There are 2 protein chains.
Amino acid sequence: MDAASAAIVAKPASVDGLLDLASRDMAGVDALIRDRMQSEVPVIPALAEHLIGGSAKRLRPLLTIAAARLAGAKDDACLRLAASVEFIHTATLLHDDVVDSSELRRGKVAAHLIWGAPASVLVGDFLFARSFELMVEAGSMQALEILARASRVIAEGEVMQLTRSHDLNLPQDLYLEIIGAKTAELFAAAAEAGAVSAGATPEQQKNLRRFGKNLGLAFQLVDDALDYSGEAGTLGKNAGDDFREGKATLPLLLAIARTGPSEKAFWDRAVARREQEEGDFEKARRLIAETGAETATLELAARYADDAKAALAAFSSSNSWRPAMEELADFAVQRKM
Amino acid sequence: MDAASAAIVAKPASVDGLLDLASRDMAGVDALIRDRMQSEVPVIPALAEHLIGGSAKRLRPLLTIAAARLAGAKDDACLRLAASVEFIHTATLLHDDVVDSSELRRGKVAAHLIWGAPASVLVGDFLFARSFELMVEAGSMQALEILARASRVIAEGEVMQLTRSHDLNLPQDLYLEIIGAKTAELFAAAAEAGAVSAGATPEQQKNLRRFGKNLGLAFQLVDDALDYSGEAGTLGKNAGDDFREGKATLPLLLAIARTGPSEKAFWDRAVARREQEEGDFEKARRLIAETGAETATLELAARYADDAKAALAAFSSSNSWRPAMEELADFAVQRKM
C-alpha cells in the first residue's frame, strides 16, 4: 500500500484545520478581494463575482497567509499579497477558459459563454492589473519581483502547453516543466511572497518556495488524474475536458505509452486528430485505469506532497501552522474535487 | 483658419526633432525591448517580433524618455520604464485585436490571424508580466503604482468601449471618458512615470502627466478621424475598421447628430445593426466630411494638443526637450498615419 492510500485509510486529510487557523486572515483577504474587484464599469464586478464569489477554494491565497504566519508574520501585509495572488489566478482562469473554450468553471457556466470571450479577456486584464495595484500597496519590492516573475512564467507555461498540448509523445520531463510553469510557479511564488512579507530569512523563503512548488505539482497532477476519474458534479468542471481538447497530460501520456501499438490508432484518431466518437472518453478512462496510469500519476503526486512536507522540516513542529500545512499537502493528493 | 491648419501651412510638425534628441536613449529602450521579449518558448519571441519589430512608432516610450529628460533625469532608470510602457501598450494591442477581430496592425496581418487568438491572448499576458518585471528593475515603487493603476484604467476603458461601442447616442463626454481611459491614460502614466524616475517635483509630475493625458486625447481623436479619412497603405491598418465594427467614435457620433432624421435609417442599419452593404463606408465617409464632423474632431484634437503644450509652460524654454515635445503635440494632430 502506498503512502497516499495509507493516509486515506488512516484519516482523510482535510484543509479545514488550516482554514480554521487562517479564518480571520482569510476573511480579511475575502474583503480585499470583494473591494478590489469593484469598478464603475458594471460588467467587471458582475463577471468577477460570477467567478470569484462562492465556490472558489482559495488555496493560493491561503498558502500566502500560511507561509507568512508560519514564518512569524506580525503584521497584515500578507493579506494584500494573498488577495493579489488570487487575482493573478483568477485572471489566468478567465484567459485559460477562452483559450481552451471550456464550458464549466468552478461548477458554473464559464464566464466567456455568458459575457463573451472579449469581456473575459479584458476583465482578466483588469484583475491582473488590480493584482499589481495590491502588490504596490503591500509595499515590498521583493514580493513584487517574485509575483511579476511568476506571472511571466505562468504565461510561458500556458503558451508551451498551447503549442505542445497535442503531442502524444510529449516527454514526461517536458510535461512536468509545463505544469511547473503554468500551475506550480504560482503556488511557489504565493508561499515565497508570504515568507518575504513576514521578513523570513533567505533559507526560510527558499524552503517555503519549495513547499509551494511541490504542493503545486502535486495539485496539478491530481487535477489531471481527476479529469479522467472525477465526476462533473463534485469537480466544478466537466470531467473529460482535457481528453476532449486532446491535452497531453500525464495520465494520458502514460496510458498511451503503456498500451503500445495495440491502441495507437485509437489515440491518434481520438486525441491527436481529435476525431472523437461516442464512447471514446469512457474507453480512454478505462485504459488509464487498467494500465495503472492513473495510479502512477497519483503516486507521483504523493511524492511531490512528501517533498513539500520535507521542506517544512526546519520550522518548529510546535508552530501550529506547520502540521496544518503538512495536512494541506496530503489533502492536495487525497482530494476528490 | 484654425491653429492646426495654420501650423500645417507654416511647417509640417514632425517627431524627428524629438527622436534625434532621444536617439541614444531610444536605442537603449529598443535593446531592452528586444532582450525582454525573448523566451525559451519559441512562439513568444516570434509573435512579439511580428508586432514589435519594424514599424512601431514607439510614441509612448518616447514620451517617458522625453518627460524624464525634460525634468532633468541624470540616470537611465527611465529606459526600463519606457520599455515597460511599450510592453503594456503591445499587450493591449494583442488583446484588442482579438477582441475586435481586427485584420491589420502596424501594416501587417494581425498576429491572431497567424498564430491564433489563444496565442495572442497568452503572449499579451507574457508581455504584460514582462512590463512589471522591468518596472521592478527600475526600482521606483511610485512609478510602479502609476503604471499598475494605468493598466487597470486601460482595461476599464476597453470594457466600457466593448459594452457601449454600438450606442449611436453615446454622449460625447462618455466617448471622451472612454478614450481618456483606453488611450490617454497610458500616455499620461508614461510621462508621469518618466518624471518620477527623474526625481521631478510633484508640480512637474503633475504638469507632465497633464501633457501626456492631453497628447493622448489628441492622438486618439486623430486616430478616430483617420479611420474615415486615411488610406490603408499609410495607416498601417484598414481604414473603415471602426465603421465595420460599428464603433461609436466621435466623427461618427457627430455625423449622426448632424444628419438628423434624414439618415437615421442608414445609421441604424449600417452601424447599430451592422447590416452593411457595398458602398456604406464610402457614404459614411462622405457624410462625415460634408457635415464637418471630421473637421470638428480634428479641431477638438488641436485644442487638446494646445492644452498639452500649455502644460510645459513652467519648464525652461531653453531646455531643448521642451520645443521638441511641443512639436510632438502638433505632430499628433497633423499626422496622416
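This is a predicted model: local features need pLDDT of at least 70, side-chain atom pairs count only at pLDDT 80 or more; totals for chains, interfaces and linings use all residues.
Local features were considered at pLDDT of at least 70 and side-chain atom pairs at pLDDT 80 or more, whereas totals for chains, interfaces and linings use all residues; side-chain values rest on heavy atoms, without hydrogens and water. Residues are numbered from 1 along each chain as its sequence is written, and chains are lettered from A and ligands numbered from 1 in the order in which they are written.

Helix 3 (residues 23-36) and helix 5 (residues 59-70) of chain A pack at an angle of about 135°, with their axes 10 Å apart; helices here are DSSP runs of H or I with at least four residues, numbered from the N terminus, and axes are lines fitted to C-alpha atoms over the stretch in contact, with angles running from 0 to 180 degrees between N-to-C directions. The two helices of chain A are therefore oblique to each other, given that angles under 35 degrees count as roughly parallel, over 145 as roughly antiparallel, 65 to 115 as roughly perpendicular and the rest as oblique. The contact (heavy atoms within 4.5 Å) is made by A:Arg24, A:Asp25, A:Met26 and A:Val29 of helix 3 and by A:Pro61, A:Leu62, A:Ile65 and A:Arg69 of helix 5.

Helix 17 (residues 293-310) of chain A has 18 residues and should span 26 Å at 1.5 Å a residue, which agrees with the 26 Å between its end C-alpha atoms; the expected span is 1.5 Å times one less than the number of residues. Among the buried residues of helix 17 of chain A are A:Ala293, A:Leu300, A:Tyr304 and A:Ala308, where buried means under 20% relative accessible area, exposed over 50% and partly exposed in between (1.4 Å probe, protein chains only). In chain B, helix 8 (residues 117-138) reaches 32 Å from its first C-alpha to its last, close to the 32 Å expected for its 22 residues, and 19 of these 22 residues are buried. Just after helix 8 of chain B, B:Gly139 takes a positive phi of about 85°.

Most residues other than glycine have a negative phi. A:Arg274, however, has a positive phi near 50° and lies in the loop between helix 15 (264-272) and helix 16 (280-290) of chain A, where its relative accessibility of 41% makes it partly exposed. In chain B, B:Arg274 likewise has a positive phi of about 50°, is placed in the loop between helix 15 (264-272) and helix 16 (280-290), and is partly exposed at 41%.
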